[in-house]
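Please read the following note beside the sequence and the model.

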Amino acid sequence: MKVRPKGSVTGIGETAYSRGSQISSLEYQLQASLMAIADAGLSPKDIDGVIPIGLTGAPAEEFITNLGIEDLRYSALTPMGGASGIAAIQTAMAVIEAGICKHVLIPSGRNVSSGASAGVRIHQMPQFHYITEYEYPLGAIAPAQLYAPMARRHMELYGTTSRQLAEVAVAVRTHALLNDNALMTKPMTIADHQASRMISDPFRLFDCSLESDGGAALIVSAADRARDMRTHPVDVLGIAEGHPDSPSAITHRPDMTRLGLAKAAPVAFEMAGVSHADIDVAEIYDCFTWVVLCQIEDMGFCAKGEGGAFVENGRLSLQGSLPTNTHGGLLSQAHMLGMNHIVELVRQLRHEGGKAQVKDATTGLVTGYGDLGDGAIAIMSRGMR
Amino acid sequence: MTMNDSKPTPSADGLSAPYWEATARGELSIQHCTGCDNLRHYPSVLCPHCYSSDHDWIIASGRGQLHSWTVTHHSFHPAFSALLPYTLVTVDLEEGVRALGLLGDGVGQNLKPGMPLQARFQTRSDGFGDLIFDIC
């Protein structure tokens, strides 16, 4: 590989996902952290950086207190919603490259069953204040309503159909059935999707992701150090975050069908020195089906407007040319803020993907999307020992 | 649940106060940069073109064209349940900025981008106005 990787994911942890859990968000974060630390073959005392995911995440102090970290050198937040996990990896790599940290813990965990719905939660977040002030009073409550006009615009401009959105939902559900830690356990057909009730047009119930409880965590270490650690190293070759035009209100975005990822993807591909044809597996943030289709365009797998046709004919399935969301995604595994997508990509590149393993996968990508259009992408490869 | 209007209410303070106070008069006001003449919506501290904070407000004509929309069928908030289904529309105003409003006719038939719309305000229980767009 021409590119010298600057960081590697050396530990992953993922709790069982559920709905209606009594376990607190903090406890989930700590459980997942311990799993990731053990997976990396480290002790909690080896952790010298923490980047907790989500504004509702625990502050770094909780990890010092509960994990007995004696000398934390760095902590930060990367508040980009579902793009936070990848943005945190980027930050971790930067502080490792700067010599500040050796092993950075990126924990996430949530219990949404005991709290407010997404439609209420987002209006407590500072980055949504324009929406809360000007759009919430009109009845624009939930993400489904805020994102639906983007999808509708795409349909009107390019002829994208609800049936094409169904292709995404069905492919991802098929993968969830191979995952013992997925909340959705029943097969879905295109007809099932088309018969599901309308939430906010054009989004039907099966276009929307799950609300779920659980935790996931990562360890990022220096790439040279990763050669000698417990697990097979997975190297980050290219990584970038991107912010859309009019990041605070979708209403005013000049092109509503272009996400922050459109700015990030070319940067990450160039950094990684790989082409689209090199991507063996893709874990694409799927809060809504249409968001997958739009990101495929924004990453350049096809031209803008061609995403609908791209996802047809099983292209996203394990047998297709771009196996996508091999774990079942936010749509059918669990909503863990896209941290489950990162965990799954690492698993695939370690060849620990179980029944959903993409044969001989050596290079893959993971995307994040959040906070009205922020995007992030990491391109990773199976490292050399 | 009571029939009281418990819709989320705007804070209407700082930069949003002039906007909301205008809605109570039935006026759609847009922040206007007196440094470089650009309009910006929603109101913000600095003009991103000339970085000036100097501004006044223009009253928009209310004429615009349909840009996109969503018809909401699911109840996300009890205050809006009785209104279901309702349609949120994004509208390109003739002044050059885009606005979010509610379609006057709950579920518009045969909506298409570019359809001409006209704004009006419907008085809310908090005294401000909901921005409504009617198909011309």
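1. The term pLDDT denotes the predictor's confidence in each residue, from 0 to 100. For chain B the mean pLDDT is 94, and 96% of its residues reach 70 or more. For the complex, the predictor gives an ipTM of 0.96 and a pTM of 0.96.

2. This is a predicted model, in which local features need pLDDT of at least 70 and side-chain atom pairs count only at pLDDT 80 or more, while totals for chains, interfaces and linings use all residues. Residues are numbered from 1 along each chain as its sequence is written, and chains are lettered from A and ligands numbered from 1 in the order in which they are written.

3. Chain A has 14 helices and eleven strands (DSSP runs numbered from the N terminus: helices are H or I of at least four residues, strands E of at least two). Its C-alpha atoms fill a box of roughly 55 × 45 × 40 Å along the principal axes.

4. Of the 385 residues of chain A, 62% count as buried (20 or more other C-beta atoms within 10 Å of the residue's own, with C-beta atoms placed from the backbone).

5. Nine strands of chain A form an open sheet with mixed pairing, in the order S3-S2-S4-S7-S1-S8-S11-S10-S9; two strands pair if DSSP finds at least two bridges between them. Strands S3 (74-75) and S9 (281-283) of chain A stand at the edges with a single partner strand each, so one side of each has no neighbour in the sheet.

6. Within chain A, strand S4 (residues 103-110) and strand S7 (residues 214-221) pair in the antiparallel sense over eight bridges. Ser108(A) has Ala216(A) in S7(A) as its bridge partner.

Note on methods:
A residue is buried if 20 or more other C-beta atoms lie within 10 Å of its own, exposed if 12 or fewer, and partly exposed in between; C-beta atoms are placed from the backbone.
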